[in-house]
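Please keep the structure in view while reading.

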Amino acid sequence: QHYFTVLFGHEGQKPLELRCEDEVDGDEWVEAIHQASYSDILIEREVLMQKYIHLVQIVETEKIAANQLRHQLEDQDTEIERLKSEIIALNKTKERMRPYQGNQEDEDPDIKKIKKVQSFMRGWLCRRKWKTIVQDYICSPHAESMRKRNQIVFNMVEAESEYVHQLYVLVNCFLRPLRMAASSKKPPISHDDVSSIFLNSETIMFLHEIFHQGLKARIANWPTLILADLFDILLPMLNIYQEFVRNHQYSLQVLANCKQNRDFDKLLKQYEANPACEGRMLETFLTYPMFQIPRYIITLHELLAHTPHEHVERKSLEFAKSKLEELSRVMHDEVSDTENIRKNLAIERTIVEGCDILLDTSQTFIRQGSLIQVPSVERGKLSKVRLGSLSLKKEGERQCFLFTKHFLICTRSSGGKLHLLKTGGVLSLIECTLIEEADAS
């Protein structure tokens with residue numbers, strides 16, 4: 001009888017004491033338990049999947065390179081045929097001139113020396129002229145502009161590499177672990193909340209991995225840098241950013257609600273303690289994609305500033321910049337509308353009685369603040385004003401909210417809650433007239 005014990009790393013689980021009739025059988029069980037690590041299999045699967053994606057991208061790049069080489073070979077074959085015909089023509093010309101070469105062998109040695117010196121002088125003059133041309137170009141504004149353009153492209157590649165790394169941390173350190181946690185027996189978070197927080201982060205990561213590989217392939221062909229076709233591939237895919245940006249504030253709100261769960265908050269802090277996060281919280285990683293489109297627009301502005309008007313990429317880069325600016329405006333408008341709706345709903349929730357006019361999506365918040373309502377007096381007596389009755393000796397503080405269509409007037413109770421005035425709490429600005437009296441009395 002051969003015994004072995006299985007110890008568990010977490011608390012509350014008692015060790016298992018097991019035995020086998022045969023020593024060989026016991027050793028096989030122990031070895032099988034050692035190798036049955038599901039997390040290792042998942043990590044290995046993830047690594048293999050990344051390698052597969054990388055190899056697919058390399059195959060595509062190699063196909064493009066093979067086509068380019070095939071065209072180059074065809075061009076070189078044509079050039080070889082042309083050079084062969086030129087050599088044949090030159091040989092025929094030499095054969096015609098051969099009778100006169102016999103006289104050159106009988107030339108005076110001094111003449112030969114003079115011709116040799118002249119040959120050296122012509123070579124020196126050519127080299128000096130070429131050096132002057134090169135130096136003049138190096139110091140020219142065009143060369144300086146090209147150097148700045150190349151530096152912008154190199155910085156773009158570095159920034160893209162850093163961005164891809166941030167997306168990789170977001171997906172692999174937060175999204176996938178939380179997705180697995182949501183499938184556990186006692187999930188600290190639901191699958192719907194995970195989808196709401198991260199939305200299409202994984203798709204954005206795959207998109208930028210492909211874009212980054214394309215950038216690195218272009219850098220490998222330096223000094224020839226063609227970037228416009230990469231943006232042509234990227235532009236149709238950027239609609240996924242609209243969904244992410246539109247969902248951003250909601251995702252942060254869902255995350256804040258989930259943090260109220262102690263189990264989820266504890267689990268999230270464990271993920272954020274990962275060295276790959278470098279002390280940054282999940283909210284920071286969720287914010288990075290919000291700034292990527294403006295970063296591309298700034299980069300394209302700088303590229304176009306150092307791209308000549310006759311450059312082959314000028315029109316393509318201008319088209320990419322215009323599309324990105326249009327997308328940025330649309331996302332900004334959508335974020336503004338969404339923020340306005342959330343602001344109105346937040347104010348509506350603070351009013352105890354509620355307020356139906358704030359549910360109008362065209363109602364835009366302008367400002368809020370405290371105002372003092374002054375009693376109105378006519379002929380020594382207190383008159384009833386539309387904003388409610390007040391005593392002669394007491395002024396009333398009101399919490400006011402100004403919108404594009406209505407003006408709300410609320411009172412604050414001792415508990416801090418807001419209540420609409422029973423009379424005149426909601427004023428329609430369409431029916432109101434603002435009068436400024438010039439007479440101070």
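Which residues do ring pairs link into a cluster? In this predicted model, the cluster consists of Phe174, Phe285 and Tyr288, which are linked by ring pairs. The structure as a whole holds four aromatic pairs. One of these aromatic pairs is formed by Phe211 and Tyr296, whose rings are arranged edge-to-face, with 5.8 Å from centre to centre and 70° between the planes. Because Phe211 belongs to helix H7 and Tyr296 to helix H12 (residues 292–305), the pair ties together parts that are 85 residues apart in sequence. Phe211 is buried, having a relative accessible area of 4%, and Tyr296 is also buried, with a value of 3%.

Another edge-to-face aromatic pair is made by Phe365 and Phe403, with 5.7 Å between the centres and 70° between the planes. Since Phe365 sits in strand E3 and Phe403 in strand E6, this pair ties together parts that are 38 residues apart in sequence. What is the relative accessibility of Phe365, and how is that residue classed? Phe365 has a relative accessibility of 21% and counts as partly exposed, because buried means under 20%. Phe403, by contrast, is at 0% relative accessibility and counts as buried.

Strand E3 (residues 365–373) and strand E6 pair in the antiparallel sense, over eight bridges, and Leu371 stands opposite Arg398 in E6. Strand E6 itself, which covers residues 396–403, is mostly covered, with six of its eight residues buried. E6 is also joined to strand E7 (residues 406–412) by four bridges, and these two strands run antiparallel.

Helix H2 takes in residues 38–97, a run of 60 residues, and from its first C-alpha to its last it reaches 85 Å, which is close to the 88 Å expected at 1.5 Å a residue. Which residues of H2 are buried? They are Glu46, Gln50 and Gln57, and what covers them includes helix H5 (141–182) and helix H7 (201–220). UniProt, in an unreviewed entry, lists residues 66–93 as "coiled-coil region"; in the model this span is 100% helix and 0% strand, and its end C-alpha atoms lie 40 Å apart. The UniProt annotation "domain: PH", likewise from an unreviewed entry, covers residues 1–38. That span is 37% helix and 26% strand, with 30 Å between its end C-alpha atoms.

At 63% relative accessibility, Ala220 counts as exposed, and its C-alpha atom is separated by 29 Å from that of Asn239, a residue 19 positions apart from it along the chain. In the loop between helix H6 (191–198) and H7 lies Leu199, whose phi is near 45°, a positive value in a residue other than glycine. Leu199 counts as partly exposed, at 38% relative accessibility. Glu278 is also a residue other than glycine with a positive phi, near 55°, and its place is in the loop between helix H10 (262–272) and helix H11 (282–287). With a relative accessibility of 60%, Glu278 counts as exposed.

The protein can finally be viewed as a whole. Its secondary structure comes to 13 helices and nine strands. Along the principal axes, its C-alpha trace spans about 135 × 105 × 30 Å. How does the radius of gyration of the protein stand beside that of a compact globule of 441 residues? The protein has 38 Å, whereas such a globule would have a value near 22 Å. Buried residues make up 31% of the 441 residues. Among the contacts between residues at least 6 apart in sequence, 62% join residues at least 24 apart.

Definitions and conventions:
Residues are numbered from 1 along each chain as its sequence is written. This is a predicted model: local features need pLDDT of at least 70, side-chain atom pairs count only at pLDDT 80 or more; totals for chains, interfaces and linings use all residues. Side-chain values use heavy atoms; hydrogens and water are left out. The expected span of a helix is 1.5 Å times one less than its number of residues. Buried means under 20% relative accessible area, exposed over 50%, partly exposed in between (1.4 Å probe, protein chains only). Contact means heavy atoms within 4.5 Å. Two strands pair if DSSP finds at least two bridges between them. Rings of Phe, Tyr and Trp (its six-membered ring) pair if their centres lie within 6.5 Å; planes under 30 degrees apart count as stacked, over 60 as edge-to-face and the rest as tilted. UniProt positions are given in the numbering used here, feature names are shortened, and annotations may be inferred rather than shown by experiment. The radius of gyration is taken over C-alpha atoms; the globule rule is 2.2 Å times the number of residues to the power 0.38.
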